[in-house]
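Student: I would like to learn how to read a few features of a model. Let us take them one at a time.

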Amino acid sequence: MRSPRLRVVESPNALADTAAKWIHDRAWEVAGARGRFTLALSGGTTPRLLYARLAAGPRLPWERMEICFGDERAVPPDSPESNYRMVKDTLLRAPGLPPERVHRIRAELPPVEAAREYEQTLRKLFAGTTTFPRFDLILLGLGPDGHTASLFPHTAGLVERQAWVLANWVEKLESHRLSFSFPVLNAATEVLFLVAGADKTWALHEVLQGGATVQDVPARGVQPTAGALTFLVDRAAAAGLVLQSA
Ligand code: 6PG
């Protein structure tokens with residue numbers, strides 16, 4: 001397991017610009033080398049700017065990409081809470097992005113059924129995989145409570161070791177969430193955390209420099225077994241970190 005890399009930028013805008021270039025370059029490099037680039041998106045608010053940048057910016061090899069969702073709220077696709085809807089309003093506006101390259105979680109279904117169905121979708125995309133799918137890049141966010149994807153503190157999903165996709169009951173939300181399991185997150189070639197805002201200071205410190213357990217700060221459970229892990233964060237979120245002087 002490699003130690004995580006940390007990259008601090010000035011603002012949410014700088015974070016979106018840096019991440020957009022990162023993804024653009026990686027997509028062309030990997031699609032060029034291996035014929036396809038598999039990307040899992042994060043939800044929430046932080047990636048909105050990034051997705052809008054990717055849609056409006058230099059073209060990506062959309063025809064050779066498979067775009068998936070690392071988690072979803074248990075709501076229909078037109079709900080204002082839906083991660084798919086957020087992505088549809090931003091990234092999916094990209095000219096030339098074939099709709100069949102985008103694989104959403106049908107979260108309007110009963111949660112367990114939605115999780116099972118999405119696992120089948122991934123098994124088709126990663127046909128022949130006997131263990132866990134190896135995404136080229138997984139984007140993740142960080143909640144103020146230390147959750148990532150939809151793996152929340154003290155939820156059953158934290159100990160899931162078989163399923164690729166799980167329906168995770170989150171008591172404090174009184175709702176299920178659909179989420180990749182830790183084994184899928186940790187099988188990735190590369191994981192990129194995007195973290196912005198002062199409300200993430202505690203969680204980011206705990207993930208990178210604290211001693212919390214995975215039960216208390218689930219993002220600490222993201223440790224790619226044979227992949228790279230990078231935290232791209234803005235100055236406000238990094239305020240609680242002890243940074244080495246350049
Ligand atoms: C979701 C996410 C979740 C998100 C964090 C951070 O569906 O909410 O995938 O893990 O990344 O909650 O969310 P913000 O970017 O909104 O702070």
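Student: Which residues form one aromatic cluster?
Tutor: A pair of aromatic rings is described by the distance of the centres and the angle of the planes. Rings of Phe, Tyr and Trp (its six-membered ring) pair if their centres lie within 6.5 Å; planes under 30 degrees apart are stacked, over 60 edge-to-face, and the rest tilted. Here F126, F135 and F180 make up one cluster. This is a predicted model: local features need pLDDT of at least 70, side-chain atom pairs count only at pLDDT 80 or more, and totals for chains, interfaces and linings use all residues. Residues are numbered from 1 along each chain as its sequence is written, and side-chain values use heavy atoms, with hydrogens and water left out.

Student: How many aromatic pairs does the structure hold?
Tutor: There are 4. Take F69 and Y84: the ring centres are 6.0 Å apart and the planes stand at 55°, so this pair is tilted. F69 belongs to strand β3 and Y84 to helix α3 (residues 83-88), so the pair ties together parts 15 residues apart in sequence. Helices (H or I, at least four residues) and strands (E, at least two) are DSSP runs, numbered from the N terminus.

Student: Is F69 buried or exposed?
Tutor: Buried means under 20% relative accessible area, exposed over 50%, partly exposed in between (1.4 Å probe, protein chains only). F69 has 2% relative accessibility and counts as buried. Y84 is buried too, at 16%.

Student: What about the two faces of β3?
Tutor: In a regular strand the side chains alternate between the two faces of the sheet. In β3, M65, I67 and F69 lie on one side, E66 and C68 on the other, and all are buried. That makes 5 of the 5 residues of β3 (residues 65-69), so the strand is largely enclosed by the rest of the structure.

Student: In which sense do β2 and β3 pair?
Tutor: Two strands pair if DSSP finds at least two bridges between them. Strand β2 (residues 37-41) and β3 have 5 bridges, in the parallel sense. T38 stands opposite E66, and A40 opposite C68.

Student: In what order do the strands of the open sheet run?
Tutor: The 6 strands run β1-β9-β8-β5-β2-β3, with parallel pairing. β1 (5-9) and β3 are at the edges with a single partner strand each, so one side of each has no neighbour in the sheet.

Student: Which residues have the most contacts inside the largest nonpolar core?
Tutor: In soluble globular proteins, nonpolar side chains tend to be buried together. A nonpolar core is a set of buried Ala, Val, Leu, Ile, Met, Phe, Trp, Tyr and Cys residues joined through side-chain atoms within 4.5 Å. The largest one here has 77 residues, and L50 and F180 have the most contacts inside it. Helix α1 (residues 12-34) gives the most to this core, with 9 residues. Contact means heavy atoms within 4.5 Å. Not counting residues up to four places away in sequence, L50 touches A16, A19, A20, I23, L139 and L194.

Student: What should I note about the phi of A149?
Tutor: Most residues other than glycine have a negative phi. A149 has a positive phi of about 45° although it is not a glycine. A149 sits in the loop between β5 (137-140) and β6 (165-170) and is buried, at 12%. E174 also has a positive phi, of about 50°. E174 is in the loop between β6 and β7 (175-180) and counts as exposed, at 65%.
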